[in-house]
Every structure is written in C-alpha cells, then in structure tokens.
Amino acid sequence: MSSAEKPSTKGQAWFCTTGLPSDIVVEVDDMSFHLHKFPLMSKSRKLFHLITQEESTQTNSIQPEQQQNAQDENDENEIVEEQCLVTFTSFPGSSEAFETAAKFCYGVKIELSPSNVASLRCAGEFLEMTEDFSDDNLISKTERFLSQHVLNSIKDSIKTLKSCEGLMPPAETLGITQRCIDSIVSKASSADPALFGWPVNKAGANNNPSSASKQILWNGIDPIGRRKGAAAIVNGDSWIEDLALLCLPLFKELIFAMRSAELNHDIIEICLMHYAKKYIPGISRSNRKPLPLTSSSTEAEQKELLETLVSNLPLEKSSKKPSTATRFLFGLLRTANILNASEACRDALEKKIGLQLEEATLDDLLIPSYSYLNETLYDVDCVERILSHFLNSLESRNSAAEEDGIDGAARSPALMLVGKLIDGYLSEIASDANLIPEKFYNFAISLPDQARLFDDGLYRAIDVYLKAHPLVSESEREKICGLLQCEKLTLEACTHAAQNERLPLRAVVQVLFFEQLQLRHAIAGTLMAGAVEPERQSEDEEEEHREGAHVQEGNGTWRSAVRENQVLRLDMDSMRTRVHQLERECSSMKRVIEKIDKSGPQGGGWRASLGRKFGCKFKTQVCDSHESTVVDTRKARHQQHRQQQHHPHHEQATYK
C-alpha cells in the first residue's frame, strides 16, 4: 500500500482510500470494512472462495432480458457492478484482529507483540491464510514469532496466555494456551523461590543508581550490584504479579500443570497467595480496602475462587517465610468462615495451619465466631481442631525420628512454643462469660504435659476464668484447678496462689506444700554454696601468699568474698524463717480442716475460719505469669549490709 493508500475510519465504517472505489464490504461485529477484492483474495483462501461464490451468485441472478435492456441503453455502455458483502458473526479477536489482518493483506507492515500474536494467529487460521496459498503468509509469520520470542520468555508467555481469554475455543484448539502454559512451567521450574519471596518487597525496585555508586566495595565485591540483580528478578521482572492477571479458568489450568510437573511447592504456594490477595478481600488484617468491581466481585464467585485456591494448596509445611504464610492461612480461614465455604475447604486450611502452628501468633488464633450456633466470642472449636492436627503431625514426626534412631521423646521446641501460645489463648478466652467450664477444661487438658515447662501461664488462665465466672460450682472449681501441677509453679506463682481466695481449699493446701518444698530446695542450694565459699577464701589466701606483688588486689578479693558470704547468711536466715512459718501454718490448717470436716460448714466459709484461727487475711490479686509478683529482697539486703559497715561492733555481734 502506497502512502496515498491510507485507511480511514468514519464512525463504524473503515475505508481504504486507494483512489479506487471499494468493491467489497466485510462486516465484523458492529464495524463495516470497505475494501477491495484483489488484496484479500491474494492472501486469504476463505475470502477467495466467498468472493468467488458471491460473484457467481450475482451473475446467475441477472436475467437475459435485463442483459438485453442494458445493452440497448444509449446512456450506459456497461453493467454497474454491485458491491460484494461478507459478514463474519464470530470472528476471533473481533474487529481489531480483522483490521490488522486486512492491513497485512494490503502489504502494510504489522507489529507483532505478545498481546496480539494469539489473536492474529487465530484470525489467520479463520481466514485460511496458509503458506501454500501465499508465501510468507500470516499463519507462518505469527508461528515464528510465537516460537522464537514469546515461548522463550516467561513474562511474554503470561501476556500471550492472558490474551487467550477472549479467544476460546480457537486458541485452545490451536494449542496456543497449552504451549504458553508449558513454557511458563518449564521456566518456573528453574527459578529459585528464594529470589522472589512473598510478599514482594517493592522497596528495592526504586534503587537510586547514583546512591548505589557511592557504596563502598566490601572485599572487592560490589554487593549493590548483586542486590540490584536480585531486585530485578523480585520486582522489575517479577512474573508472579503477572499471573494474578489471569482469569480463574486459565489460572487453574496453569496450577494443575505446575502440580503435575511436581514444581517446587513454595512456588505454587506463592502463586496462589498472590492471586488470593488480589481477588479475595479481607485476607490481610492490615489491608482491608474494598476491591474494584471485577469478575470475582460477587460472594458466590469469591467462594468458588477461595475453594479452588485452597484445594490446590500444597499440604507440605512452607519453608519460605513460614510466619507470613501462617498469617495468610489464618486470613483464608477467616474468609472461609465468612463465606460459609465447604467443610472440605475449611478442614484443609485447618490441617495446613496445624502443620506450622508454632509459627502462629496469639492474634492469629483469635478467630471470631461467625456461627449462630456458637455462643462464644471466639471460635474455640476451630483452634482445638488446629491443635489436634498439630499434635498428630508432631507424633508422626517423632515416630519417624525414632525409626531413624533419634530420640523422639525429647522435649520439642515446637511443642514448647505451641504450649506458650495455647496458654496465652486460654487467658484471652477465659474472660468470655459464655465459655462453659467443660469446654475450658477440655481445651486446656488437650495440651500434653511436655508442652509446659512451668504452669504459670495455665495458672493465670485459670485465675482469669474463676474471676470471670464467680457462679461456678465448687466441684467445677476443683476440677479446673486439678489441671495445675503445683510442682511446676514458680515461687512467684506459688506466693500468689497461696493468697488467692478464688482457689478451692485443696488447691491452696497443695500450693503451700510445694512452696515449702521449693524453699527447702533453695535453702539446700544456699547451704551448698556457703560450704564452697570458705574453700574459695582459703584458695584466695594461698594465692595471695604466692603472689606477693599483688597483695593489695588480693585483699580486695577477700573483702568482696566476705561481703558475699554475709549476704548469703542473710538469705539463709530469711528462708529458714519463712519455712518455719509455712510449717506452722500447714499444721494449723490441717487441724482446722479436720474440725471443719467433723463439724460441717459454718457461716463465713473456710477462709473466715482460717482467718479467725490464724489472725490473717487473704488478699485478692490477679496473677500475671509474665511479671514478677514478689519483691526481690536481695537489693534491700545489700543496702542493709552497707549500713552495717558503718557499725562494725553491731555487725560482729550479729554474726558471732
């Protein structure tokens, strides 16, 4: 087409101005193309047959009388040729693809791209623009571009796959979608998931080259260059973000292909998470912006999308960014509850979370209860099922370790983390007025004893529950307090529990008994330390004699040892006093309990009776196992010792 032969558009009509009137009109959708027969017939076999058939039909429709009358007319010497009309109702790629194909027929140089090559390939197939009909035709040209350019790049393959959404089923029949999917899977299999961790950090995409050039080389290596290379993969050339633009049917087909090819589970999980974050609202608590109106905007479509994504999640534990993955999975679970997703979908999420529960936080576990049948504020049953999945997986891992000759009964760090997490969760849900004692007890006892090194967290949860539920019966109080192992309470927790009037009498007696044992052990340890101290002093004295040059320094060491010994003696005296007091209190309490059992309950309760016998009052406190509730007296003893240094005669009389 020369420079004078330029197309023009007028409204819904497209004209090719060559100086000659158009002799064919092609209607595609709502656009009319006024063209010429010869260029189209030279490239398209289909148009050649259609135009030939139309011309023969027009020639046969002219009657002999009309031909004779036309020859007899003096003012007209030739027949007025009528325009040929061709209509395409379902042209692949719509009017835009036909316009580009028509320009190709006229010899105009067309620009192929990953976004239009699929539509032009389908258009060439529809118009039968084959190589045997005309050299260097549209089909061969698009096929070369596909194989040499598109399929060699993962990003171009995704763009071409995206363009196939409106070309079904021709694009699938021609194998364009499958070839793009195979290209994406093959390129993704060689990618390192560590280079594009999720969520994608876009901070490195805007690195300033001038600031990078000012960085100092470390050991002759430019770390900025390496980071920029990785950032180009993560940010500038990230194909993970492009996958989120695909429609759900094509994305499902791609994920199925990835799973069939046994692709890295982290890559599949990252792809699913990016797709979910784009189309499912409320996944992240930090970002709850409303999504634009898309094909997945309705609740039914979001539910279908969620169930599809969850069904394709790998069941293996995430090895990349596990804390972020766990937070994302909890977001999916909350959304599944809101959308009332299928039971299989929610069960799959709970099992997936259970495999990596040690990576969760307390905020993750606080799942609101969306069911009208559940009266509690949080979904306790869901967390209990997640904990059950975690314990089952831990048992399987321990069994596998024992088969390999490893001690599987050792205390697991993951179990310890989960134990601390569950105790914190118990403290949060304990204040719920609708949480019945049986549910609280069953959830607390579901955690094995090995998960708790100390029972301070469990004691705090029990104390909060008893305070929030004052109407709980005495038998239920004793049952709940039976969860505690008093020997696993710290001295601070024991001191608080001994004065806690919400605890049953049996629990208080047990706490006092084990507090006494702890003090005895502490005194025994102090005595051993005191026995070792004179030996250290004698060794220091011998060392002072051997090193005469350092006599002054040795004297300072000896004085320091004497002061430490004095402090230890003060600690021993205080502990002995406390132990004697506890022994007297325990003996008196036993006698009071025996009298109460014989005489029956009287007004005021057992605490009032104990108060009358001992002349003491029990104070009510709220124990926080994470904070100290007992004042450290060591500092006070040091101050007392400093005061005694000013009165040496009084000090000598005290310790003589």
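Analyst: **Helix α13 and its surroundings**

In helix α13, the residues L248, F251, K252 and R259 meet E304, L305, T308, L309 and S311 of helix α15, where contact means heavy atoms within 4.5 Å. This is a predicted model, in which local features need pLDDT of at least 70 and side-chain atom pairs count only at pLDDT 80 or more, while totals for chains, interfaces and linings use all residues. Residues are numbered from 1 along each chain as its sequence is written, and side-chain values use heavy atoms, with hydrogens and water left out.

Helix α13 covers residues 248-260 and helix α15 residues 299-311, and the two pack at an angle of about 10° with their axes 11 Å apart (helices are DSSP runs, H or I, of at least four residues, numbered from the N terminus). That makes α13 roughly parallel to α15, a label given to angles under 35 degrees. Sorted by class, the residues in this contact are 4 nonpolar, 2 polar and 3 charged.

Helix α13 also holds M258, which counts as buried because its relative accessibility is 0% (buried means under 20% relative accessible area with a 1.4 Å probe, protein chains only). If we set aside its neighbours within four places in sequence, M258 is in contact with I184, V185, W239, L243, L263, I268 and C271. Between M258 and S186 the C-alpha to C-alpha distance is 9.0 Å, although 72 residues separate them in sequence.

M258 also has a place in the largest nonpolar core, which contains 146 residues; there V26, F98, W239, M258 and L332 touch the most other members (such a core joins buried Ala, Val, Leu, Ile, Met, Phe, Trp, Tyr and Cys through side-chain atoms within 4.5 Å). The largest share of this core, 9 residues, comes from helix α14, residues 265-279.

Since E269 lies in α14 and K352 in helix α17, residues 343-354, the pair ties together parts that are 83 residues apart in sequence. K352 counts as buried because its relative accessibility is 2%, and E269, at 2% relative accessibility, counts as buried too. By this rule the model has 16 salt bridges.

Technical notes:
Axes fitted to C-alpha atoms, helices over the stretch in contact; angles between N-to-C directions. Parallel < 35°, antiparallel > 145°, perpendicular 65-115°, else oblique. Nonpolar A, V, L, I, M, F, W, Y, C, P; charged D, E, K, R; others polar. Buried < 20%, exposed > 50% of the residue type's maximum accessible area, 1.4 Å probe, protein only. Salt bridge = Lys/Arg side-chain N within 4 Å of Asp/Glu carboxyl O.
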